[in-house]
Structures are given as structure tokens and as C-alpha cells.
Amino acid sequence: MTLPTPSLRPSRKISVFLFAAAFASIALAVTAPVPPAQAQEMQWEDYAPRSTLVVEEHEVTRAKFPFVDAHAHQWGIAEMSGEEIAAMVADMDAMNMAVMVNLSGGSGEELQAKIAATDMHAPGRFVHYANIDFETLDDPDFGEKAAAQLEEDVRQGAKGLKIYKSLGMYIFYEDGTRLKTDDPKLDPIWQKAGELGIPVLIHTADPAPFWEPQDRFNERWFELKERPRRKRDPVPSWETLMTEHWDLIARHSNTIFLSAHLGWLGNDLGRLGSLLDKMPNMYTELGAVIGELGRQPHTAKAFLTKYQDRVLMGKDSWEPSEYYVYFRIFETADEYFPYYRKRHAFWSMYGMDLPDDVLRKIYYENALRIIPGLDPALFPDS
Ligand SMILES: [Zn+2]
């Protein structure tokens, strides 16, 4: 018996069937809410599942105690009208922010204009930090001149010094040599800050995964996809840059340093703790890194309890609703709730339920101790 040989060309009947099937699937695509084909092709970046977890939720839109935001940027505050500043103060009042630290004060006349604007429209509610201009770095007495300018800026009302991450990464001598964070040429600046009794908030480097291959194992892959310019060359390495930062703090024990953004060690609080143990003049703050604490509530609560005198509240970008996530992580025991920026934390948050005495220190008591000139009347029991 012989079987019929199958034809390679589909019969007319099969062609009509395939056409009808394709048409039916297009019709389905128009009517179904999530077409199966599209669901299969969805990119990871679009995946935003709604949690089905049913647990108690406690939104916190106002901090339990008045707080100081030790890490904020208001570059254009001198150009804001009285009404615009009043609107910002109303937002601060609503969330119980007593004082905002504007790290972007600049220097000289620019700084004075910012101080004058907030003194006029919201006295006591803002403090401004000075910044260093590295333009004349090659001058032999650059360090002394910068220290003298800092002294003048503090005389004019600056309450601290902020150093941007350009130091260490993007500032070079004329011959092309990279200016290291712990270059002795800058020593007069740090000594002067110590003499003046002002803190130095210093941001060095960036999250360590920016130095690692941008592959499927990199925890910041999505951030590097959204912000490709954040990818860093392997040299100088993250360890090199941060070692310069730690050496600087260790060498100037009479100056208080705030290592910004948990010193990029929010993912390794044990290592951050040993640095704080080694350097009593080192402090830190939480700007843009609360997502690290929110994924390890037990370890983070133990860390903040042990180092309750060394950590300050800070946020970095000004978006009132985002502060609520900070408050919820600090003040509640809520579980598995969303963070606000997927590129920082695609994972969910958990509350630490911090005790009041720790909360008070992080919210304002540590700031009152290390930032000069804050008005104690804005805070309870101080
Ligand atoms: Zn910042």
C-alpha cells in the first residue's frame, strides 16, 4: 500500500483557513484588553504588576516630628517670587518640614542673593551651604584662597559647605591630572570648615554598579538604560574614588563630614558601620537612597538604632509626595509597598517602625547639633 505524498504547496482550502485565523486574531487584538501576543512581547521596563497582597496600609503624608531636610537643591531660589517661596513653605508645612538645607548656595554674590531671598520671605526656614569654585585650581595658593572665600561666605550666612561629585571625577589640573578628593592642595578648605564649625556635605562617586558591566546581573541595569550617561569608566574605580573620600575624612578629624547618600553603602550597612566606627567625625544622610533601607527593614532598623547619632534625614530632589515614602518606611511596619522611582528600586518597600527617640534624632536632633544657626524653637523639646 502506498501513502499519498503530501503536497509542498498548501491547498487553496488551507490558505483560506490561515487567512481566516489571522483575521480572527487581529479582531481579538482590537477587543481584548491585553492581547496574548502583545503580552508575550512586553518589555521588562513596562512590567508594573499591581500587588494582590492584602495587608494593612498606613500612608504617612506628614512626618511625626518636625524635620530638617539636610539634602536639598534650590538653585534658582533667588529668582523666585515671594509667592513662589510661600507656596514651597506651605508644602513644607504640610509635611512637617521645619527647615530645608539648600546645598546649592554657590558663593559670593550668588550665595548672598539666595540668603537674602529666603531671609526676606521665609526667615529661619532655609539654610544655604556654600560651594567651591575650582576654576583657578592651578594657582599655587588655590587652597588658601578657597578657604578665605569659604570664611567670607560663612560670614555672609552660609551654614555649611557642599562638595559636588565633580571632585574626584571631573576636575582636572591643566596638565590633565585628575584632582583627587584627598589632594593635599585642598587641605586648607577642610581645615577652615573645621575652624568655622560648619559641616561639609560631600558627594563622591555614584552607586557602585555604575562601574560594573551593564549586563543582566547588574542591579542598576534599568537606571543605566534610562540614564546611559551614568555608566562609568572602570578607571578610576569606585573603590579608588571612595578610598580617597574616606582618607579625606580620616585625615581631618576636626571637621564634620556628611558622606552623602549613605556613602553609597546603603546596600552594605555593615561596611558603612565600620567606617562610622573608625571615624567619629563622619556622618551620613539618606538622600535618594531610602530604597536601600526599605528592602532590608530589620538590618536597617538595627543600623539606624546603633548609629542614631550619625544619620540625618535628607531627600535630594524636591517632590513633596515622594517624602511620604520616607515617612512610611521610618514610621510604620507596613509591608511590600511601592517606591517612587523604578530605576532606583524595582523592589518593594517595608517599614522599619522606628522608635520615637531614634526618629527625633534622624529628623532633627542630629541636624541641630551639627548645622549651626538652626532655630531650636521650630522643634519640640530642644
Ligand atoms: Zn544632591
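## A parallel sheet and its helices

The predicted model holds an open sheet of eight strands in the order E1-E2-E3-E4-E5-E6-E7-E8, with parallel pairing. Here strands pair if DSSP finds at least two bridges between them, and helices (H or I, at least four residues) and strands (E, at least two) are DSSP runs numbered from the N terminus. Strand E1 (67–72) and strand E8 (311–312) stand at the edges with a single partner strand each, so one side of each has no neighbour in the sheet.

Residues are numbered from 1 along each chain as its sequence is written. Because this is a predicted model, local features need pLDDT of at least 70 and side-chain atom pairs count only at pLDDT 80 or more, while totals for chains, interfaces and linings use all residues.

Let us walk through part of the sheet. Strand E2 (residues 97–102) is joined to E3 by three parallel bridges, and Asn-102 stands opposite His-128 in E3. Strand E3 (residues 126–130) pairs in turn with E4, in the parallel sense, over two bridges; Ala-130 has Leu-161 of E4 as its bridge partner. Between E3 and E4 the chain passes through helix H5 (residues 142–155), and this β-α-β crossover is right-handed (with the strands pointing away from the viewer, the path from the first strand over the helix to the second runs clockwise).

On E4 (residues 160–163), Gly-160 and Lys-162 point one way and Leu-161 and Ile-163 the other, and all are buried (20 or more other C-beta atoms within 10 Å of the residue's own, with C-beta atoms placed from the backbone). Three bridges join E4 to strand E5 (residues 200–202), again running parallel, and Lys-162 has Leu-201 of E5 as its bridge partner.

Now for the helices, whose axes are lines fitted to C-alpha atoms over the stretch in contact, with angles from 0 to 180 degrees between N-to-C directions.

| Helix pair | Axes come within | Crossing angle |
|---|---|---|
| H5 and H7 (residues 187–196) | 7 Å | roughly 25 degrees |
| H3 (residues 82–95) and H4 (residues 108–121) | 10 Å | roughly 70 degrees |

The angle in the table makes H5 roughly parallel to H7 (under 35 degrees). Residues in contact have C-beta atoms, placed from the backbone, within 7 Å; in H5 these include Ala-147 and Leu-150, and in H7 they include Ile-189 and Ala-193.

H3, by its angle, is roughly perpendicular to H4 (65 to 115 degrees). Gly-82, Ile-85 and Ala-86 of H3 touch Ala-117, Thr-118 and His-121 of H4. H4 also lies across E2 and E3, running at about 175 degrees to E3.

How values were computed. A residue is buried if 20 or more other C-beta atoms lie within 10 Å of its own, exposed if 12 or fewer, and partly exposed in between; C-beta atoms are placed from the backbone. Angles under 35 degrees count as roughly parallel, over 145 as roughly antiparallel, 65 to 115 as roughly perpendicular and the rest as oblique. Two residues are in contact if their C-beta atoms, placed from the backbone, lie within 7 Å.
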